[in-house]
Each structure stands twice: as structure tokens, then as C-alpha cells.
Amino acid sequence: MTAEFGHFALILAFAVALYQMVVPLIGASKGWGGWMDSARPAAVAQFLLTGLSFACLTVAFVTSDFSLKLVYENSHTAKPMIYKISGVWGNHEGSMLLWVLILSLFGAAAAVFGTNLPPALRARVLAVQASIGAAFYAFIIFTSNPFLRLASPPFDGRDLNPLLQDPGLAFHPPFLYLGYVGLSMAFSFAVAALIEGRVDAAWARWVRPWTLAAWMFLTFGIALGSWWAYYELGWGGFWFWDPVENASFMPWLLAAALLHSAIVVEKRETLKSWTILLAIMAFGFSMIGTFIVRSGVLTSVHSFASDPARGVFILGILTVFTGGALTLYAVRAPQMTAKGVFAPVSREGALILNNVLLAVAAFVVFIGTMWPLVAEMLWGRKLSVGPPFFNKAFTPFMIALALALPLGAILPWKRGLLGRSLQPLRGALLLAGSVMALVFAVSTGRSAIAVIGAGLGAWIVFGAVAELIHRTGQSGWSRLLRLPRADWGKATAHAGLGVTFIGISLLTAWQVEDIRVAQVGQTFRVADYDITLASVDEVQGPNYISTTATMQVARDGRPVATLQPEKRVYPVQAMPTTEAAIDNGFFRDIYLVIGDAQKDGGWAVRTYVKPFANWIWAGTILMALGGIISLSDRRYRVAAGVRRVSPAAVPAE
Amino acid sequence: MRQVLLLLAFLLPFAALAVQPDEMLPDPAAEARARAISQLLRCPVCQGETIDESNAPISRDLRLYVRERIVAGDSDDQVIDAVVDRFGEFVLFQPTAQGTNLVLWMAGPVMAVLALLLAWRFLRIRAAARPETTVALDQEESDRLEQIMRD
């Protein structure tokens with residue numbers, strides 16, 4: 001009964017979306033206020049109905065209602081409650097329902113908080129948002145219905161893929177989707193602006209918070225996925241340039257570019273048509289990401305649900321929306337004239353360089369991801385494009401970005417002098433140089449990655465600090481705290497990028513690996529640590545059987561940690577997983593993995609010492625935090641209830 | 001049973017450890033070379049894994065083969081070529097920079113140069129542009145401006 005209720009709510013939401021995509025648009029072109037405003041209750045109703053539908057599916061999972069085909073295929077009574085809930089989106093149908101839920105959430109948020117938008121723009125934004133929704137409701141209802149029943153319900157379910165039974169991965173998709181789908185707002189604003197034929201500073205100010213929020217969620221979602229890969233896959237890799245990872249990375253790069261170009265539109269009324277194009281492309285790449293994942297066109301470890309019919313449907317949606325928006329863009333873009341006048345060496349110029357680097361980097365990832373498909377279609381060649389290619393082709397852009405970032409961030413608007421802007425950065429330059437020297441000294445005979453990466457990372461971090469200090473001028477600390485939050489957010493996010501650079505380069509260059517057979521009771525030494533395999537036991541978990549090793553780590557005779565790496569077998573899916581045990585530290589992680597029992601006694605054991613591993617994720621958290629701080633700046637608060645009139649609303653930077 | 005195990009191994013890319021202790025060469029330098037080569041080669045039956053990470057039986061065979069060739073005195077390129085001869089260029093995670101693949105390798109640099117040229121042209125135009133003569137705002141626009149200033 002609950003399932004039918006949810007099914008019905010979903011169909012109603014589809015109907016509301018159809019209304020919302022047509023009526024407000026007509027209202028906006030005819031100037032009928034009532035028709036325009038009807039978009040707002042429609043958006044809220046659509047969200048409530050989808051929410052109801054999602055809640056019904058969740059109930060089915062929580063109560064293990066195996067008369068639903070989806071629940072039978074992806075759940076099991078013995079599964080812990082958290083994974084019963086995360087099982088709702090741990091499959092194709094449920095994850096698409098989550099997709100539209102978030103889409104309608106953003107629509108409803110724009111309807112509720114968008115009180116300061118001009119009515120016609122608001123109506124058009126909501127109509128475009130609803131049209132995306134309608135396409136995906138149709139996709140769910142006609143190709144991926146989660147509410148299908150089984151004629152004879154089985155006794156128990158087939159369980160969720162054990163790799164997905166993990167806290168990191170349980171919450172990875174919702175964040176990623178908040179990011180992907182959040183970019184739909186930028187897209188809707190862009191299309192609405194194209195229909196209206198006007199883009200101005202106000203438009204950019206409305207778009208920025210949505211893009212910032214989407215980018216922040218995407219940052220967090222990607223970080224969560226990479227952290228999961230780090231501890232779950234058993235050898236501590238954190239990024240694989242897998243097609244599905246690339247699918248989330250391309251929108252991230254473009255969203256980052258969009259954030260920066262929208263600043264130029266807001267402050268200087270320039271780069272308008274480029275910003276619109278970026279907004280369309282950022283969401284276009286989100287949909288390409290959905291297409292890649294859902295169609296399985298590029299098979300990868302993530303495509304746990306792939307089906308050609310669905311792929312064609314999504315490809316259709318992608319073509320209609322991206323193609324339609326680009327056509328509209330081609331017609332309207334010439335009307336968007338740039339206004340600001342500025343010299344090449346200026347903040348504007350620096351932000352354009354940022355956009356060139358980020359957009360070309362995204363393009364490199366795109367062509368690398370699609371190349372196997374292209375080669376197979378055009379020449380029938382089966383080839384692979386993997387990490388070695390991406391590392392070589394992508395890294396130069398990041399190096400250029402890192403070099404230019406602190407300087408670009410401090411350049412004045414309109415016209416700047418490189419020499420003058422470098423002055424406040426002298427300290428940062430000196431500190432970054434010392435970091436390079438230090439890294440060089442301790443890593444004699446090793447690769448240049450450590451020196452260059454850590455130097456660039458330090459340059460960005462110290463550059464961000466130097467910029468904050470520079471902004472305070474002569475008035476000292478009290479001024480520092482009164483800086484606009486946007487400045488703090490910017491410095492935090494930039495510093496986060498630097499921290500991530502340091503983490504990636506030092507981990508890559510300094511990692512130590514040891515693979516061996518260890519007898520129980522044996523002690524071995526890896527990079528100054530003495531590791532003892534104390535015991536190996538069989539342990540029964542809630543829905544798995546585990547081989548748990550107990551290992552003691554000591555350094556110079558002092559105990560550092562006792563770790564319990566596991567190897568689990570999930571009997572329902574007959575699938576083993578490795579659960580590495582990690583001793584997290586500020587400067588290094590100790591990462592232990594237990595393998596198979598050996599024929600002549602002992603166990604295969606892998607030990608890694610991973611320097612600065614946590615810096616990678618600490619940096620991404622800082623980036624997301626920077627986004628939150630910027631969002632809280634009063635200039636961008638979407639729903640400032642009572643707006644005070646302040647004489648110096650916009651600091652002249 | 002063997003077939004079931006094989007099937008399982010194909011389906012379960014991360015199931016167990018990849019490089020096993022019994023595969024490793026006693027000479028650390030040769031072993032390091034083997035690892036580096038393994039990280040360039042794709043497991044022919046898995047989804048996007050190198051033979052270094054994969055636990056599929058064929059990856060184990062390939063890892064052993066790579067080590068055999070190294071012990072026999074092959075250079076890194078010879079080892080890679082030997083594997084490519086058997087399994088085709090699909091196993092190369094880094095596509096060759098020859099023929100049509102040059103498009104792939106050159107796409108980034110060419111695009112970067114084009115984008116920089118375009119950006120430079122745009123910057124020149126903006127630097128040479130004259131500030132627009134101010135036009136008085138109409139009623140609707142001044143309302144909007146007021147609203148914006150209140151935000």
C-alpha cells in the first residue's frame with residue numbers, strides 16, 4: 001500500500017512539473033502576474049510530492065518489504081539499519097528518485113527564498129527547472145520505476161553490494177547529487193536570462209550563491225568518494241581517473257570556473273556571455289556524468305546499474321537540454337555586450353586566466369574520458385586511457401594555476417602592476433621557497449614531485465594568508481576580523497587547495513610500501529616502524545564473516561597503535577571485501593591490510609606508510625568550508641529577511 | 001569449482017590483495033621496475049584496473065610474465081611491447097602518442113594555446129574600449145537598482 005502511495009505521489013509530481021514548465025512561462029511572456037506566481041506553489045508542491053514518494057520508498061526499505069522488486073534486489077533483513085536506508089539510493093532506480101528529489105528541492109528553495117527576484121525572471125527560472133524535472137520524472141516512471149511489485153514476494157532479499165555497505169559510500173551519492181543537481185539552478189538562471197535577453201550584475205549575484213552551494217557539495221561529495229576509495233579498496237589509492245570519477249570532476253572544474261567568472265560579471269559587467277556558456281556547460285557535464293554512470297557506456301567499477309535503453313533516454317534528455325540551451329545561446333549571446341574597461345594585468349585578467357586553465361583542464365579530462373569510445377566508434381580500436389595519461393596531461397594546468405593563483409587573487413581590479421602586487425607576497429614567496437628547500441633536503445634522491453608540489457601548495461597557502469594580512473592594511477588585527485566573510489571564504493578555499501596539493505604530492509612521492517608473508521607473532525620493520533602480527537581470528541559480524549588480524553605498531557620500542565585490519569566475506573552476495581586498518585596522523589597514516597592465509601603458514605600482509613595523506617581531505621574540507629563562509633556573507637544571503645541599508649554595502653576591494 | 005572461482009574473481013575487482021608476496025622478485029631494483037611497468041598495464045578483463053591492483057587470475061599471470069621478462073633481461077619497453085603483442089593496445093593505460101592518438105595528446109596543449117590567444121584578444125579589446133556613455137535609468141531599472149542596493 002505504501003508503495004502504491006509513493007508511486008502515485010511520483011506521478012502527481014510529474015503532472016505538477018508539467019504544469020510548472022508551461023504555465024509560468026506563458027505568464028512571463030504575456031505579463032500575467034497570476035500565471036507567473038503560480039510557479040511558486042507548484043515548485044513547493046512538486047517537492048513535497050517527490051519527498052513523499054521518496055519517504056514511501058524509504059519505508060519499504062526500512063521495513064524490508066520484499067514484495068517490491070527493488071527492495072528484494074538491494075536489501076536484506078540482516079543488514080544494519082543505516083545501510084537499509086542508504087540502500088534506497090544504492091541502486092539505479094532509487095538514486096534517480098534521489099536525483100529528482102534534490103532537483104525539486106532546489107526548485108522549491110528558489111521559489112521560497114527567491115522573493116527578491118524580479119517576478120518574470122523567477123517564473124522563467126522555475127519553469128526551466130521544472131522542465132528538467134519533468135524529463136527526469138518521465139525517465140523514472142517509464143524506464144526505471146522503483147515501485148514495481150513482485151507477484152510472489154521472496155522470503156529474503158539479495159542484499160546490497162557489500163562495497164556500498166560503508167559509511168563513506170552511504171553518504172557519497174547524496175552529496176554528489178546535491179552538487180550535480182545544484183548546478184541545474186545555474187543552468188535554469190542562464191536559460192531564463194537568455195529568454196529575457198539580459199544579464200547584469202544583479203543576475204550574477206543571484207546565480208553565485210547557488211553555484212557556490214553546488215560547488216561546495218560537489219567538493220565534499222568527491223572528497224568523500226575519494227576517502228572511501230582510500231580506506232576501502234585496500235591499497236590506499238585515492239584517485240583513479242576512472243570515467244565515473246571524471247564525470248564528477250568535470251562539473252567540479254567548470255563550477256569552479258563559473259564561480260570565478262560570475263564574480264567578473266557581478267563586479268565589472270564583463271564576461272557575460274562566457275559565464276552563461278559556462279553555466280550551461282557545467283550542468284551539461286553533470287548530465288553527461290549521469291549518462292556515463294547510468295548507461296554504462298564507459299564501463300567502470302562504479303556502473304552497478306547499466307542498461308542501454310536507459311542510456312538512450314538520458315542521452316535524449318542531455319541532447320534536448322544542452323542542445324536547446326546552446327541554440328538559444330547562439331541566438332542571444334551577441335546581445336550581451338561587455339561593459340568594463342580593464343588592462344590585461346588586472347583582477348579581471350587574472351580571473352580570465354583562471355577560467356582558461358580550469359576550462360581547458362576540464363576539456364582534457366573530457367577528451368581523455370571519451371577517447372576510448374571515439375577510437376572504438378571511428379576506427380574500431382579498443383584502447384584505454386588511464387592514470388598515466390591524465391597525470392601527464394592534466395597536471396601542467398594545475399601547476400600553472402597554482403603559480404598564478406596568489407598573485408591573481410591580490411591584483412587590483414581594472415589595472416594592476418605585477419611588481420606592486422608581488423610586494424605583499426614577498427613573505428609568502430620566501431616561506432614557499434623555504435618549504436621547497438626543506439622538502440628537498442629531507443628527500444634527497446627522490447622525485448621532483450615532492451619539491452614542486454609542496455612548494456606550490458605552500459605558495460598558495462601562504463599567499464592566502466598574505467592576502468588577508470594585506471587587506472587589513474595598517475589597522476591590524478581588529479580589521480582582520482571585520483573583513484567581509486567573502487574575503488575569509490576566498491582565503492580559506494584557496495588555502496584548502498594548497499593543502500590538498502601538498503598532501504597529494506608528498507603522499508605520491510614519499511609513500512612506503514611493504515608486501516610480505518608474516519607468521520603470527522612475527523615482527524617486521526617498515527620505515528622506522530616495528531609491526532607485529534599478534535593474532536588472526538575469525539569473527540562473526542551482523543551480515544558478514546570476518547578474518548580479523550590484530551597488529552601492533554611500535555616505534556623505537558614505544559607502542560604507537562594496535563590495529564585490526566579485516567577481510568570480510570558477505571555470504572549473501574558471496575563477496576569478499578578488505579577493510580584496511582589505518583592509524584591516522586597529522587604527518588603520516590599507517591595503513592595495514594591483511595590478505596590470504598599462505599599454504600605453508602603465515603599470512604600475506606601489506607603495510608603502507610602514507611605521509612601527509614590526511615592533508616588531501618583536510619584541504620578539500622577547507623575548500624568546502626571556504627564555500628560555506630562565502631555563502632554566509634551578507635551580500636549573498638539568498639533570503640535576507642529584513643535588509644538593512646548600510647552605507648558601505650560593497651567594499652571597494 | 002574452478003570456473004566459479006574464476007567468475008567470482010572477474011566480478012570482484014577488489015576482493016583480495018593484488019601483488020602477492022610469492023610473486024615478488026628478490027632483487028628490489030628489478031621488483032621496483034616490475035611494479036612500475038605493472039602500473040602502466042590494464043587488466044584485460046577487469047573494469048579500469050591496472051594489473052598491479054587487480055586480483056583477477058589473468059592479472060596475476062601477467063604480473064608473473066612481466067617479472068619473467070625482466071629476469072630474462074628485457075628492457076621496460078620490450079616487456080610492455082611483449083604484453084601488447086598478446087593482448088592488443090587495450091592493455092596500455094597510457095595510449096601511444098602515435099597516429100590518431102596524437103589528437104588525444106595534442107588536444108590539451110592546442111586547446112590551451114587557442115584559449116589563451118582568444119583570451120588575449122578579448123583582453124586587448126577590453127583595454128582599448130572606451131567607457132560607455134552613461135544612459136539614464138528608466139523607472140523599472142531604477143526600481144531594480146534600489147532593490148539590489150537594499151540586499
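User: How many of the residues of chain B count as buried, as a percentage?

Analyst: Of its 151 residues, 28% are buried. A residue gets that label if 20 or more other C-beta atoms, placed from the backbone, lie within 10 Å of its own. Keep in mind that this is a predicted model, where local features need pLDDT of at least 70, side-chain atom pairs count only at pLDDT 80 or more, and totals for chains, interfaces and linings use all residues. Residues are numbered from 1 along each chain as its sequence is written, and chains are lettered from A and ligands numbered from 1 in the order in which they are written.

User: Which secondary structure does chain B have?

Analyst: Helices (DSSP runs of H or I, at least four residues) and strands (E, at least two) are numbered from the N terminus. Chain B has six helices and zero strands, giving the pattern α-α-α-α-α-α along the sequence.

User: What span should helix α1 of chain A have?

Analyst: The expected span is 1.5 Å times one less than the number of residues. Helix α1 (residues 2-30) of chain A has 29 residues, so it should span 42 Å, and its end C-alpha atoms agree, being 42 Å apart. After α1(A) comes Gly31(A), with a positive phi near 80°.

User: How many residues of domain 1 of chain A are in contact with domain 3 of chain A?

Analyst: Domain bounds come from an automatic or database domain assignment, and contact means C-beta atoms, placed from the backbone, within 7 Å. Six residues of domain 1 of chain A contact five of domain 3 of chain A.

Note on methods
Buried ≥ 20, exposed ≤ 12 C-beta atoms within 10 Å, placed from the backbone. Contact = placed C-beta atoms within 7 Å.
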